[in-house]
Amino acid sequence: MSNIQIWQGPNGINLPASAKEAKEIMPLAAYLSEKQKKQIVSAFQVEAYDMAAEYAWKKAMVKLKETIATLGLRFIGEMLNRDDIDEYTPIDSVLTDYSAIQLAEQLGVIGNTAALKLRHCNELITHYFSKNAEEELDYNTAFSIVKSSVQYILGESDISIALEFSQFRQRLLNESLRTDDDQVDQIVNSPLFYLRTVMTILLASIKNDIGAKLEHAIANLNLLISPVWKKLGENDKWNIGTAYRDVTAAGNTIAASGLKTALLKVGGFDYVPENLRSITFIKAAQQVLETHFAFNNFYNEPAAISKLANLGSTIPSPALIECMQAYLAVYLGNSYGVSNSAAPIAYRQLSNISEERWNYYFEKVIQNDEVILPKMNDGQVNRFRTFLMENNFVNFSGLPKKNQQLYDAILAYNPRKAKLVAVDLFEAIKQ
Amino acid sequence: MQEIKHSSLREAILTSIGEFLYDEDFQKDPITKEGILEILNLISDYHEEGHPLFPEVLITNSLDFFKSIPNKELVLNEADLSVDEFKNAIKLCAPLAINNWIIFIEVKANKIKYGLVSAEMTETSPSIYNQTVGKLKIDFPNTTIAFIKNLGQKTVELSGLKKRLVVSLNLEKPKEYSSNELNFLSDCITEKCDEKIRVNINTFFEKAIDEALKAGHGNLIGVVEDDEETISILKEKLKVNSGIYLPNAIDFEALIMDSESNKDSESSINLKAYASIIKAMINHDGITIVTNKGRVIGYHLLIDPYIKDGDILRGGARSKAYLSMQNCGHFKCCFYKSQDGNIKIWKNE
């Protein structure tokens, strides 16, 4: 068995392929009331395209976030690596649209295609509604946003967490699985995308549960860790090491003992952070990414990235991946360009990262970098190349095959190939 | 001429250390054996300019072992292996081995490296002892460990991953030692604490009391039921000739919950501050009283005698007080440590 998807989100309702107007698709928005549907159609009729798109998008995002919240906010906090989120946190105030789409895909609320299209809608919305947007939202863009909102979210009267995911999560926390269990085989052969979620479910339980649930989570982690360790990404490994450090610091000796045994099995103690300094860096880097994917990103990025840069240029190892990802995201920008004030700061910080760490990034990290892999349009590849050339990071060899192809394509300014390889790598995370 | 036969405590202990090293698969050369003996001897009654010190020592064959414990290391010296260098290690490091820093010694072939290590992250993080040879021990590949700590006057514990050796460096009758008294006491103190965080509170009390005991001249701790009626009866009826009942109990369950949920430096410092107070209270003369919900309600309580017919009185005032605690009928659990390290625990079943 290989690359089996343990759960799979739906890819939306069928819309008439020839639909070109709101009035053709709005009747299918089962989640909306008749009045709400009419309001969107009317907005199109009076050419208030931005109002129509924003209204539909907001409704879709609220629904998506409500659905995600049914899993419990503490679990959501664990999925996002955010300890500031607990059961009492209003989900709307902590979950950006970008994170909501990412989580919905992970939890099987929506499928891969849906996630891809909704991410694109999010980029359009954040661009057109940003302070410095120069053009107005046109009919076609507005229609595509409304269409995707209806097709993937508003078309269902009640979207939900994938049943397979819920059942699977229940099994992970309520049973100690055995090696001869088919589902263990499924997990072990799953793409990284699913393994990440499995690890997050187990770590969340180990950190927060007690009694039988905790015992099951520890047993299942110890069962799964050896066969999946090599497939896990570097930051997934750091997450396990950090969890071990957290529960030890908290005096939770049952959890600490379970995680220690698991790390011993795979020789994973190199991934235990020495101190909490890295957490400050990781939080600041997460903030940069949240800003990057939210409204007015070009305007807000300078403050967020300065905060990260001011923590110092000696980035602790456990935070390296998040920091490089954040700096690269800002430096490479999005389809609409870069933040003119933030990008030079990102460039300086990226230049301060040693050649050895860049080699590590291209060897072990980039293939699993869900943020940077989609940033391979012409302009972005050119910026990446310029950075590598100006800093003389041009001699990396012996990388894994696809990583090497991507690195070489960037250096050679071959955006078409860079994009193709990046798409391959991105899909390999999920399929 | 009569035949001379030499009976030496040193030889007997060296043999025990040799057996320990063999069981733990440790480097068994004579220098290491003698070096450990010297450490046991020094640690059993260590003073620096008149002040007693209670350094703990971890000996290992590889510092890689520390990877398995989130820690901070401070290497002080590296030299050729010799018995004198073991002694130097203690002399140089002992004054610095305070506030949960302990001495480490790496013995690798004919080299010795030493310094200090701390695994202190928060007030609730387990002690290095617990993380290495206690409940969090693991069999780290190709690694051997010997942990040395003082248990009382002239009594030292040498623990590895498989064996635990208590060495008495005097000729008195050996006391009873087990490894579970503190664990048992912490279980009693946290019996009614919130289940979700009980393990964490347990770890906190185990470490805090252990630290207090190290520096104390003998201690008494009593655990009572956490309900207002029991506490008011205790305050009214327990006959004491001195002591303090706190107007507001120190609620460690609340402090630890606060520190856990906020995870900020202010709540952590708050917990640390109150932890230092309870350690000082435990080391004051008399009984420290804690409820079974982690609340400290009184200290320095010098109990009047509650002696029953037929009770056999042995030892000094603290032993009598311990017996009175059991007889008075107010306590669920009583803990006693004598000046020479003897530990007893009693639970009202």
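Good morning. I begin with one residue of chain B: Ala146(B) lies in strand β7 of that chain. The model in which it sits is a predicted one. Ala146(B) counts as buried, because 27 other C-beta atoms lie within 10 Å of its own and the cut-off for burial is 20 or more.

Which residues surround it? Setting aside neighbours within four places in sequence, Ala146(B) is in contact with Glu24(B), Phe26(B), Ile36(B), Ile59(B), Leu158(B) and Gly160(B). One further pair deserves mention: Ala146(B) and Phe20(B) are 126 residues apart along the chain, yet a distance of 9.1 Å separates their C-alpha atoms.

Asn142(B) is not a glycine, but its phi is positive, at about 55 degrees. Is this residue buried or exposed? Asn142(B) counts as exposed, because it has 10 C-beta neighbours inside 10 Å and the limit for that class is 12 or fewer.

Asn392(A) is found in the loop between α20 (378-390) and α21 (401-411) of chain A. Its phi is near 60 degrees, again a positive value in a residue other than glycine. Asn392(A) is exposed, with 8 other C-beta atoms within 10 Å.

I turn now to the domains of chain B. The assignment gives domain 1 as residues 9-168 and domain 2 as residues 181-347. The C-alpha centres of these two domains of chain B lie 30 Å apart. Where they meet, ten residues of domain 1 of chain B are in contact with 16 residues of domain 2 of chain B. The domain 1 side of this contact consists of three nonpolar, six polar and one charged residues.

Next, the interface between the chains. How many residues of chain B are in contact with chain A? There are 20, and they meet 19 residues of chain A. On the chain B side, helix α6 (residues 198-215) supplies the largest share, four residues. By class, the chain B side divides into eight nonpolar, six polar and six charged residues.

In soluble globular proteins, nonpolar side chains tend to be buried together. The largest nonpolar core here has 85 residues, and Ala52(A), Ala53(A) and Ile206(A) touch the most other members. Taking Ile206(A) by itself, and leaving aside neighbours within four places in sequence, its contacts include Leu214(A), Ala217(A), Ile218(A), Leu221(A) and Val247(A). A second, separate core has 45 residues, including Ile13(B), Ile36(B), Leu40(B) and Leu42(B).

Finally, a word on confidence. The model scores ipTM 0.88 and pTM 0.87. For chain B, the mean pLDDT is 91, and 99% of its residues reach 70 or more. Within chain B, confidence is lowest in strand β2 (residues 51-53), at a mean of 86, and highest in strand β12 (residues 287-291), at 97. Thank you for your attention.

Key:
Residues numbered from 1 in each chain as written. Chains lettered and ligands numbered in written order. Predicted model: local features only at pLDDT ≥ 70, side-chain atom pairs only at ≥ 80, totals over all residues. Domains from an automatic or database assignment. Contact = placed C-beta atoms within 7 Å. Nonpolar A, V, L, I, M, F, W, Y, C, P; charged D, E, K, R; others polar. Helix = DSSP H or I, 4+ residues; strand = E, 2+ residues; numbered from the N terminus. pLDDT = per-residue confidence, 0-100. Core = buried A, V, L, I, M, F, W, Y, C linked by C-beta atoms within 7 Å.
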